[in-house]
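Hi everyone, thanks for making time today. I'd like to walk you through a structure that may be new to you, so let's bring it up on the screen.

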Amino acid sequence: MWTRSLSILTIVVAIFTTSSNGQTCANINPGQGAPVAAAGVQTRVVMNGLRSPRGMVFDTAVNLLVVEQGGGGIRYIKLTDNGGTNVCVASSKTLIADNTLNHGIDLSADGKTLFASSLSNVYSYPYDAVVGTVGTRMTLVQNMQNGGHSTRTLWVSKFDPNMLLVSRGSDGNIDAPTAQIRSGRSQIRAFSISGTSTATVDYTAGEVIAWGLRNSVGMSEDISTGGFWSVENSVDDMRRQGKDVHNTNPGEELNYHGLLNTTAPSPQRGANYGYPACFSAWDPSVLPNNANIKVGTQFLIGDPSGSNTDAMCLQRQAPRLTFPSHTAPLDVKFNRNGTAAYIAFHGSWNRQPPDGYRLSRIEFKDGQPVEPATSTTTAFNILSNSNNANCPSRCFRPTTLAFDSKDRLFMTSDSTGEIYIITGA
Ligand SMILES: *[C@@H]1O[C@H](CO)[C@@H](O)[C@H](O)[C@H]1NC(C)=O
Ligand SMILES: *[C@@H]1O[C@H](CO)[C@@H](O)[C@H](O)[C@H]1NC(C)=O
């Protein structure tokens, strides 16, 4: 009798312990110290130990899929959600064991097709969100291999569910052939993913949504308006008219591409954004012949020759906003009501002191940033490292962003193998 009561008690204690664990996730210390958070912002590490986590997306069953660029393929993560930032991993497994998948990931509107990319291809897979399995892979887009920039970010339009956007960067720092549209590099192109299109096509068969974009790793729509935006990583080691101006120029860019759910002509759709000849100013003060150059003005790299002039650069589509040089924006995502865009700045290698390594918020209103194109104060820090002098080696590096169904923001940091959750941003 006594023994039996004790064992019942033991079981009761065990059940109680299990359920209280379920209400509080174990703490995971941030690998490089706690991020500096803006007032009212809460953050927590949801998962660590990932191999260079890059793109991520939530599926229809609220699982998180993340590409591990360091050879892990795509991981399927079931979350335990105790509310707020109290979210942890219930279980995780490899969904697709393919070490060539390196960044791009998205899902079809119905959540039943998964898209992922490698250096050379975009693939689709039938996807079961509840079980966490994929079916037979098909190749949608091919022939994207080049040296230099290797990621091909993917975005399925939320306004035209048959449209898959694929961003491809340059081959190296200055990729001269990208001055020709047929180069198929430094561009964002659109591909049909309607049920009937199953043939594999070359990247150059896609519709050009934008070109002259050096390496626009981040792109997405503002779901409150349908506006499509991207963030561009601009040129390294810049010289103008014989002078080294690279430490503070050019600016990184936020570019606007218009609406995707219409074929009506727009000034942005199909436009050239300037690369490889034209770049936007971040610090006009150090530029030779800067009389007409403000923050965000596009100007010519190097020396003028023939039709290559500052005047030509003014004909190119200018960025909507410009950010400090070399801060390396890798993602841009909008909140549901379109009052803010969040940008993951991966951080610099080509300037002193190092800069970037932060998650920033840009205020939006009526589908456009509140601040003018000349603003230098538009990016508000949400999370940053306590000392950028330690970066990149001893810092977290914001890489990509995703909102969950409760509008909480998730952020990968590839350098630390972590996924953070952020509220109050
Ligand atoms: C595109 O989407 C926006 C935002 O929902 C909407 O206002 C607009 O009417 C749509 N345009 C077309 C052509 O469907
Ligand atoms: C927009 O949504 C955010 C949460 O993402 C909220 O804090 C803000 O008050 C909302 N703004 C408006 C104008 O609805």
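**A ligand, a hairpin and a loop**

Let's start at ligand 2: one of its oxygen atoms lies 2.3 Å from a polar side-chain atom of Asn337. Taken alone, ligand 2 exposes 360 Å², and the protein buries 29% of that. Please keep in mind that this is a predicted model.

Which residues are around ligand 2? They are Asn335, Asn337 and Thr339.

Now let's look at the hairpin of β26 and β27, which has 5 residues between its strands. In this hairpin, Gly338 takes a positive phi near 70 degrees. Strand β26 covers residues 329-334, and strand β27 covers residues 340-345. The two run antiparallel, and 5 bridges join them. If you want a landmark, find Pro329, which stands opposite Phe345 in β27.

Is strand β26 buried or exposed? Of its 6 residues, 6 are buried, so the strand is largely enclosed by the rest of the structure.

For my last stop, please find Asn215. Where does Asn215 sit? You'll see it in the loop between β16, residues 207-211, and β17, residues 218-221. Asn215 has a relative accessible area of 7%, and buried means under 20%, so Asn215 counts as buried. What does Asn215 touch, leaving aside residues up to four places away in sequence? Its contacts are His149, Gly169, Val231, Glu232 and Asn233.

That's my tour, and I'm happy to go back to any part of it.

Conventions
Residues are numbered from 1 along each chain as its sequence is written. Chains are lettered from A and ligands numbered from 1 in the order in which they are written. This is a predicted model: local features need pLDDT of at least 70, side-chain atom pairs count only at pLDDT 80 or more; totals for chains, interfaces and linings use all residues. Side-chain values use heavy atoms; hydrogens and water are left out. A residue is near a molecule or strand if one of its heavy atoms lies within 4 Å of it. A polar contact is a pair of N or O atoms within 3.5 Å; within protein, one must be able to donate a hydrogen and the other to accept it, and residues adjacent in sequence count only if both atoms are side-chain atoms. Accessible areas come from the Shrake-Rupley method with a 1.4 Å probe; for residues, only the protein chains shown count as cover. Helices (H or I, at least four residues) and strands (E, at least two) are DSSP runs, numbered from the N terminus. Buried means under 20% relative accessible area, exposed over 50%, partly exposed in between (1.4 Å probe, protein chains only). Contact means heavy atoms within 4.5 Å. Two strands pair if DSSP finds at least two bridges between them.
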